[in-house]
Amino acid sequence: MLAYIEVGVAVLCFLLLLPCVYVVFTTSFLHINCKIILGTSALAQEVMLASQISMFSYDIYIGNVMPESEDPDKPFLLVHEASYIYTTFLSLMIVVERYIATYNPARYETLTFNYPWIIITGLTGMLLSSLASYSIHIYYMYGLMIPVMLLTELLICMLSIVLLFYCKRQLRNLPYDSRRLRAKYQLAEVFSFTRAILPAILISSFLKLLALVPPTIWRAGIIDFPTNQVLFFPMHACTCVIMKCFLIFKHKGMLRTLLIVLPGLGNRISISTSPVQSVANKAEETDAYFGYMASAWK
């Protein structure tokens, strides 16, 4: 019975996350670099959920509905753990990218997709995540990796809080020159995104902290392996959906995109901002913004 509940939760979360993935990749209210990192994180979460679905389905098929150890499921667990760690790494990269955008906002606003940086960091994260997952499930290095994950989540939370105040200070100290409008536009985007993602990161970190409790007390011999399984995996699955949904509903730009994808929600959700003209991409949106500003100054 527990295996059926686990696979049901994983399938439900997988389906609920699909519109979130679409919104992240199609919204025109984020810089392309941030959009790609955030979208990759959403895809990694879908891979993690797919590994859960595959593992539970496999266990049901072979009759291993109350597994006593992780040995039969190690291929699935390796993918699951690597995907989970990769999403944490990408959360850190999102915060770093937002710091870069805030440091020189006028210049960053004009930049396009940074292929070298995104590709190098993405591949580095995959390598580190795979090595960490291998260490956990092949060499059973739980005692080392659990504190590392906890410290990483704490670091992401602290950096996000500092970023919020740093962005406010940059907005106050903008120089009055020809680049001020572009800088202010970029800082407004960073501030809006940071204010939206900070609660999502805090909630995600708290849920991930809770999800680390079952394997910790399992390794300590307090609970058995099936109990660890039924607590650990649904918590991870729900964390994926809660974080992305909370971010989208707190970010007005992404919420507009979601209402286009799921128009039925428009009758239940109101956005407390005036309607804006729809644009095809970020470049067109920026041009329209400055066009409106120029007209207002004439």
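Student: Where is Y140 found?
Tutor: This is a predicted model. Look at what lies on either side of Y140. Helix 5 covers 115-139 and helix 6 covers 142-172. Y140 is found in the loop between helix 5 and helix 6.

Student: What is the phi of Y140 near?
Tutor: Most residues other than glycine have a negative phi. Y140 is not glycine, yet its phi is positive. The value is near 55°.

Student: Is V148 buried, partly exposed or exposed?
Tutor: V148 lies in helix 6. Its relative accessibility is 35%. Buried means under 20% and exposed means over 50%, so a value in between decides it. V148 is partly exposed.

Student: How far does helix 5 reach from its first C-alpha to its last?
Tutor: Helix 5 has 25 residues. At 1.5 Å a residue, 36 Å is expected. The model comes close to that, with 35 Å.

Student: What covers the buried residues of helix 5?
Tutor: The buried residues of helix 5 include I118, G125, A132 and I136. Their cover includes other helices. Among them are helix 2, helix 3 and helix 6.

Student: Which residue's backbone nitrogen does a side-chain oxygen of N114 reach?
Tutor: Look at the start of helix 5. The oxygen comes to within 3.3 Å of the nitrogen. That nitrogen belongs to W117.

Notes
Residues numbered from 1 in each chain as written. Predicted model: local features only at pLDDT ≥ 70, side-chain atom pairs only at ≥ 80, totals over all residues. Heavy atoms only, no water. Helix = DSSP H or I, 4+ residues; strand = E, 2+ residues; numbered from the N terminus. Buried < 20%, exposed > 50% of the residue type's maximum accessible area, 1.4 Å probe, protein only. Expected span 1.5 Å × (residues − 1). Contact = heavy atoms within 4.5 Å. Polar contact = N/O pair within 3.5 Å; in protein donor to acceptor, adjacent residues only side chain to side chain.
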